[in-house]
Amino acid sequence: MSKCQRQRLPCFSLVPKDLLDLEKHFAFYEAFHSNPANVVIHSLFAWPIFYTSLILFHFTTPIFFLDLGFVFVVMIGLFYVSMDRKAGSLAALLCVLCWIGSGCLASQLGFSLAWKVVLAAQLLCWTALILGHLLFEKRAPALLDNLMETLLTAPFFVLLEVLKNICGYEPYPGFHASVKVKFEDV
């Protein structure tokens, strides 16, 4: 029981309780990504969607001298770190590297070519992801159930999935067992 509940006071928080529930989010992710072929497809195509999205940020006007792409990367990186320090820090680092790389590519291409590259990459990646769900999972993609969760967490959960499969990574002992129980409830 929280201090607010004991004192019968209203509790206020800037972060909704479930927003940082890694088990809940990962169970949702795994409910839509149980087929190994679909997991591989997502491992190959989720991060390029994030990367190419950042390219377009480099052509936006800064607000109060702040690069909007960098602000987005910092916010999403902090979100990942707040869910899991180790894997979240790696994901945040990858986000920053994507921002740097996308800036280099954007400056080389210029807007007239960059948006075409982004469009082609996005179409290819999204087509692969949707086909992975339809052909291998035999169900619609998660984005139809929860668009924001899917767009914000997909790169991080792909990284968690890869770390789990390659080196057996768990954010804490028993994490995957707890996720499995929640996965069955999804």
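Phenylalanine 156 touches Leu22, Tyr80, Met83, Asp84, Ala87, Gly88 and Ala91, leaving out residues up to four places away in sequence. The model described here is predicted. Phe156 is also among the residues with the most contacts inside the largest nonpolar core, which has 26 residues.

**Nonpolar cores**

- Besides Phe156, the residues with the most contacts inside the largest core are Phe50, Tyr80, Phe157 and Leu160.
- Two or more residues of this core come from each of helix H2 (22-31), helix H3 (36-57), helix H4 (68-83), helix H5 (85-109), helix H7 (147-167) and helix H8 (175-185).
- Helix H7 gives the most to this core, namely six residues.

**Histidine 42**

- Histidine 42 belongs to helix H3 and is buried, at a relative accessible area of 6%.
- Its contacts, apart from neighbours within four places in sequence, are Tyr29, His33, Leu129, His133 and Val158.

**Salt bridges**

- The structure contains two salt bridges, and Glu30, Glu161 and Lys164 are linked in a network of them.
- In one, glutamate 30 pairs with lysine 164, with the closest N and O atoms 2.9 Å apart.
- Because glutamate 30 lies in helix H2 and lysine 164 in helix H7, this pair ties together parts that are 134 residues apart in sequence.
- Lysine 164 also forms a salt bridge with glutamate 161, at 3.6 Å from N to O; both residues lie in helix H7, three residues apart, about one turn of the helix.
- Glutamate 30 counts as buried at 15% relative accessibility, and glutamate 161 counts as buried at 5%.

Conventions: Residues numbered from 1 in each chain as written. Predicted model: local features only at pLDDT ≥ 70, side-chain atom pairs only at ≥ 80, totals over all residues. Heavy atoms only, no water. Core = buried A, V, L, I, M, F, W, Y, C linked by side-chain atoms within 4.5 Å. Buried < 20%, exposed > 50% of the residue type's maximum accessible area, 1.4 Å probe, protein only. Helix = DSSP H or I, 4+ residues; strand = E, 2+ residues; numbered from the N terminus. Contact = heavy atoms within 4.5 Å. Salt bridge = Lys/Arg side-chain N within 4 Å of Asp/Glu carboxyl O.
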